[in-house]
Amino acid sequence: MSSVMEKEGVSLEELKKKMAEFAKERDWDQFHSPRNLLLALVGEVGELSEIFQWKGEVPRGLPGWKDEEKQHLGEELSDVLLYLVRLSDVCGVDLGKAALRKLELNAIKYPVKLCKGSSKKHTQFDVDKSNVNGDGAAAAAAAADQGQQQ
C-alpha cells in the first residue's frame with residue numbers, strides 16, 4: 001500500500017478497496033463476518049470514547065489539546081471509520097448512497113422551520129406530519145423509517 005499522507009481527500013470507495021485488499025493480503029476475509037466486524041467496530045468506539053471520558057464538555061477545535069492527543073484521536077476515529085467501511089462492504093451496502101439517503105430522510109423528519117435551534121427528537125414535534133413540507137413527504141419518510149426499525 002502506498003502512503004496517502006500527501007493526499008487531500010479520500011473517497012469511501014477508495015477506502016473500501018484498500019480495506020478489502022488489506023484483508024485479502026492477510027487472509028483475514030475468513031474472520032470478517034458481519035458480526036465480527038460489528039463487534040470490532042463497537043470495541044473501537046469504546047476506545048474512542050475513552051479519549052473523551054472524564055473531560056467534560058470539549059469545545060470544537062479541541063483547544064488546549066496536545067498534538068499527540070489529537071493524533072491519537074485521529075487514529076481512533078480512523079479505526080471506527082475503517083471498520084464501518086469494511087462492515088458496509090461485507091454486507092453489500094453502498095455506505096455513501098445510504099448516508100445520502102439518510103440525510104434526505106432526516107431533512108424530511110427535521111424541517112428547518114420546525115427544528116432550527118432545537119435539540120428535540122422528531123417525535124416530540126407537535127405537528128401534522130403529513131403536511132409539514134406541504135406534500136406528504138414527511139409521512140412517507142416516517143413510514144419508511146418505521147419499516148427500517150422493524
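Trainee: Which ring does the charged end of Lys55 sit over?
Mentor: The ring of Trp65, with the charge 4.9 Å from the ring centre. A charge sits over a ring if NZ of Lys or CZ of Arg is within 6 Å of the ring centre and within 35 degrees of the ring normal. Keep in mind that this is a predicted model, where local features need pLDDT of at least 70, side-chain atom pairs count only at pLDDT 80 or more, and totals for chains, interfaces and linings use all residues. Residues are numbered from 1 along each chain as its sequence is written, and side-chain values use heavy atoms, leaving out hydrogens and water.

Trainee: Is Trp65 buried or exposed?
Mentor: Trp65 is buried, at 14% relative accessible area. Buried means under 20%, exposed over 50%, and partly exposed in between, with a 1.4 Å probe and protein chains only.

Trainee: What aromatic pair does Trp65 form?
Mentor: Trp65 pairs with Phe52 in a tilted arrangement, 5.5 Å centre to centre and 45° between the planes. Rings of Phe, Tyr and Trp (its six-membered ring) pair if their centres lie within 6.5 Å; planes under 30 degrees apart count as stacked, over 60 as edge-to-face and the rest as tilted. Phe52 lies in helix α2 and Trp65 in the loop between α2 and α3, so the pair ties together parts 13 residues apart in sequence. Phe52 itself is partly exposed, at 31%.

Trainee: How many aromatic pairs does the structure hold?
Mentor: It holds 3. One of them is Phe22 with Trp28, which counts as edge-to-face because the centres are 5.7 Å apart and the planes are at 70°. Phe22 is partly exposed at 27% relative accessibility, and Trp28 is partly exposed at 36%. Arg26 lies over the face of Phe22, 3.6 Å from the ring centre.

Trainee: New topic. Which residues make up the largest nonpolar core?
Mentor: There are 9: Leu37, Leu41, Leu48, Ile51, Leu62, Trp65, Leu73, Val80 and Leu87. A nonpolar core is a set of buried Ala, Val, Leu, Ile, Met, Phe, Trp, Tyr and Cys residues joined through side-chain atoms within 4.5 Å.

Trainee: And which element gives the most to this core?
Mentor: α2, with 4 residues. Helices are DSSP runs (H or I, at least four residues), numbered from the N terminus.

Trainee: What does Leu87 touch, leaving aside neighbours within four places in sequence?
Mentor: Leu87 is in contact (heavy atoms within 4.5 Å) with Pro34, Leu37, Leu38 and Leu41.

How values were computed. Helices (H or I, at least four residues) and strands (E, at least two) are DSSP runs, numbered from the N terminus.
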